[in-house]
Amino acid sequence: MAGNEKFDLRGINHLALVCRDMKKTVDFYSGVLGMPLTKTIELPNGAGQHFFFDIGKGNSLAFFWFPNAGDSQPGVTHAPDLVGRGDITSAHASMNHVAFDVPEERIEAYQRQLKAAGIDVTEVVNHDDSAFGASPEITESTFVRSIYFKDPDGILLEFAAWTRELDERDVNIAPVSVD
């Protein structure tokens with residue numbers, strides 16, 4: 001695949017989400033998922049908190065906690081269900097899910113580890129180019145293997161493992177326009 005010729009982008013610096021309870025968020029992301037907490041900020045004038053977690057390769061996942069934030073609304077602010085179990089639609093400009101890159105050979109072990117921690121996690125999804133977009137087994141067109149679960153705020157998370165290098169054959173669908 002061709003690289004970016006306009007900007008020297010090197011990945012995600014951080015993705016900032018909003019949580020309802022910073023302590024539960026820290027307990028989940030550091031305690032269950034093992035992500036080190038790297039920076040904590042108290043926002044001025046009691047406006048809240050902003051915490052950063054190391055997600056590997058110099059990238060961070062950050063959370064804001066705002067004392068006056070509105071309630072989440074499944075199907076609007078985030079996906080209401082897990083992949084393969086129901087509707088995962090969320091509103092335009094929402095954040096649908098966060099996918100963390102993991103080694104392919106560890107996907108089943110990570111699934112067992114999450115289950116052992118009491119996390120509701122999906123079966124392994126073998127995403128491919130079949131009519132259903134996934135197969136129970138790995139096929140020649142499988143490009144990523146995933147498991148899905150949610151954090152304490154209902155944010156849809158994915159552990160994803162690339163199974164092959166993507167190339168020009170993988171970009172073959174015209175984008176939809178509603179205008």
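**View 1. The second largest pocket has a volume of about 470 Å³.** A pocket is an open set of points on a 1 Å grid over the protein atoms alone, where a 1.4 Å probe fits, with protein on both sides within 12 Å along at least five of seven lines. Its volume is the space filled by probe spheres set on the points, which are joined across faces, edges and corners. Lining residues have an atom within 4 Å of a point. They number 16 here, and Val 18, Cys 19, Arg 20, Gly 70 and Ser 72 are the closest to the centre. Strand β1 (residues 14-19) gives the largest share of this lining, 3 residues. The lining holds 9 nonpolar, 4 polar and 3 charged residues. Ala, Val, Leu, Ile, Met, Phe, Trp, Tyr, Cys and Pro count as nonpolar, Asp, Glu, Lys and Arg as charged, and the others, Gly among them, as polar.

The model is predicted: local features need pLDDT of at least 70, side-chain atom pairs count only at pLDDT 80 or more, and totals for chains, interfaces and linings use all residues. Residues are numbered from 1 along each chain as its sequence is written, and side-chain values use heavy atoms, with hydrogens and water left out.

**View 2. Four strands form an open sheet in the order β1-β4-β3-β2, with mixed pairing.** Strands (E, at least two residues) and helices (H or I, at least four) are DSSP runs, numbered from the N terminus. Two strands pair if DSSP finds at least two bridges between them. β1 and β2 (37-43) are the edge strands; each has a single partner, so one side of each lacks a neighbour in the sheet. The twist averages 20° from one strand to the next. Antiparallel β2 and β3 share 6 bridges. Leu 37 has Phe 53 in β3 as its bridge partner.

**View 3. Helix α1 (residues 22-32) lies across β1, β2, β3 and β4.** The helix runs at about 5° to β3. Axes are lines fitted to C-alpha atoms, for helices over the stretch in contact (heavy atoms within 4.5 Å), and angles run from 0 to 180 degrees between N-to-C directions.

**View 4. A second open sheet, of 5 strands, has the order β5-β9-β8-β6-β7.** Its pairing is mixed. β5 (97-101) and β7 (134-135) stand at the edges with a single partner strand each, so one side of each has no neighbour in the sheet. Antiparallel β8 (residues 144-150) and β9 (residues 156-162) are joined by 7 bridges. Lys 150 stands opposite Leu 156 in β9.
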